[in-house]
Amino acid sequence: MKRISTVGVSLVFAAIFAVTAFAQTPPAAKIGWIDTGMFADDKEGVTKYMNALKALDAEMKPRVTELQGIQTRIQNIAKEISTMTNTPAGVPVNNTAIAAKQEEGQKLQRDFEYKKKEYDAAVESGQGKHLGPVSADISKAIQDFAKQKGYSVILDIDKLGQAGVILALDQTANITKEFITFYNARPATTATTATPR
């Protein structure tokens, strides 16, 4: 009789522990994805991010204009050389003038390459200055958003798409617009908020 009671009590305890363990099982993870490429959208993007991009563009504009000017001059020299070499039959070709134009074009090409390297370095530095604080603020806001909305995981679908690792995508998990609305409604922080001139 004691043996049956011990077995019965053991079964009751096992059932209680199983119910308790089942009740403590966490709910399924809530997963969402954000298309960070949308942050730069003129109409529906992140305002602070767009302002930072505009500030960077404004800072780089003189360098871009200079590079475009050099490219135009190189193209014009190439046309001039083409015109000088394609003379009608019987008209002598001025090899000295052609050589001078070629030398001028090569010098401009070297200038262009040097200034392009300077431009690339300035863009990298400018991204850190203008976009760095905003990107850090957005990262913090994504953490706050995830906690507030109960997300266990939020994926950056733009980066995953670039890596080519997306095999299927549930559009109902897209929380991009919801996050952008959440972020744009936040009070100003240390990140760039002023609209550039």
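This is a predicted model: local features need pLDDT of at least 70, side-chain atom pairs count only at pLDDT 80 or more; totals for chains, interfaces and linings use all residues.
Visitor: Which residues of the largest nonpolar core touch the most other members?

Guide: Val46 is one of them, together with Phe39, Tyr49, Ile138, Phe179 and Tyr183, in a core of 22 residues. At least two residues of this core come from each of helix H2 (47-85), H3 and helix H5 (176-184). H3 makes the largest contribution, 9 residues.

Visitor: What lies apart from that core?

Guide: Another core does, with 8 residues, including Leu67, Ile70, Ile74 and Leu108. As a general point, nonpolar side chains tend to be buried together in soluble globular proteins.

Visitor: Which residues does Gly105 touch, beyond four places in sequence?

Guide: Gly105 touches Ile74 and Ile77. Ile74 is 31 residues from Gly105 along the chain, and their C-alpha atoms are 5.6 Å apart.

Visitor: Why is Leu160 placed in its accessibility class?

Guide: Leu160 has a relative accessibility of 28%. The limits are under 20% for buried and over 50% for exposed, so Leu160 falls in between and counts as partly exposed. Leu160 belongs to helix H4.

Visitor: What is in contact with Leu160, leaving aside neighbours within four places in sequence?

Guide: Leu155, Val165 and Ile166 are. Asp35, 125 residues away in sequence, has its C-alpha 9.6 Å from that of Leu160.

Visitor: What makes a residue part of the lining of the largest pocket?

Guide: A lining residue has an atom within 4 Å of a pocket point. Thr36, Phe39, Tyr49, Leu131, Ser135, Ile138, Ser139, Ile142, Asp156, Asp158 and Lys159 line the largest pocket. H3 and helix H4 (157-163) are the elements that give two or more residues to this lining. H3 gives the most, with 5 residues. The space in the pocket comes to about 210 Å³.

Visitor: Where in helix H3 is there a kink?

Guide: The kink is at Leu131, within residues 95-149, and amounts to about 50°.

Visitor: What marks the residue just after H3?

Guide: Gly150 stands there, with a positive phi of about 80°.

Visitor: How many helices and strands does the protein chain have?

Guide: There are 5 helices and 2 strands, and along the sequence they follow the pattern α-β-α-α-β-α-α. Of the 197 residues, 24% count as buried. Among contacts between residues at least 6 apart in sequence, 82% join residues at least 24 apart.

Notes
Residues are numbered from 1 along each chain as its sequence is written. Side-chain values use heavy atoms; hydrogens and water are left out. The bend at a residue is the angle between axes fitted to the seven residues ending there and the seven starting there. Helices (H or I, at least four residues) and strands (E, at least two) are DSSP runs, numbered from the N terminus. A nonpolar core is a set of buried Ala, Val, Leu, Ile, Met, Phe, Trp, Tyr and Cys residues joined through side-chain atoms within 4.5 Å. Buried means under 20% relative accessible area, exposed over 50%, partly exposed in between (1.4 Å probe, protein chains only). On a 1 Å grid over the protein atoms alone, a cavity is a set of points where a 1.4 Å probe fits but cannot get out, and a pocket is an open set with protein on both sides within 12 Å along at least five of seven lines; lining residues have an atom within 4 Å of a point. Grid points are joined across faces, edges and corners, and a volume is the space filled by probe spheres set on the points. Contact means heavy atoms within 4.5 Å.
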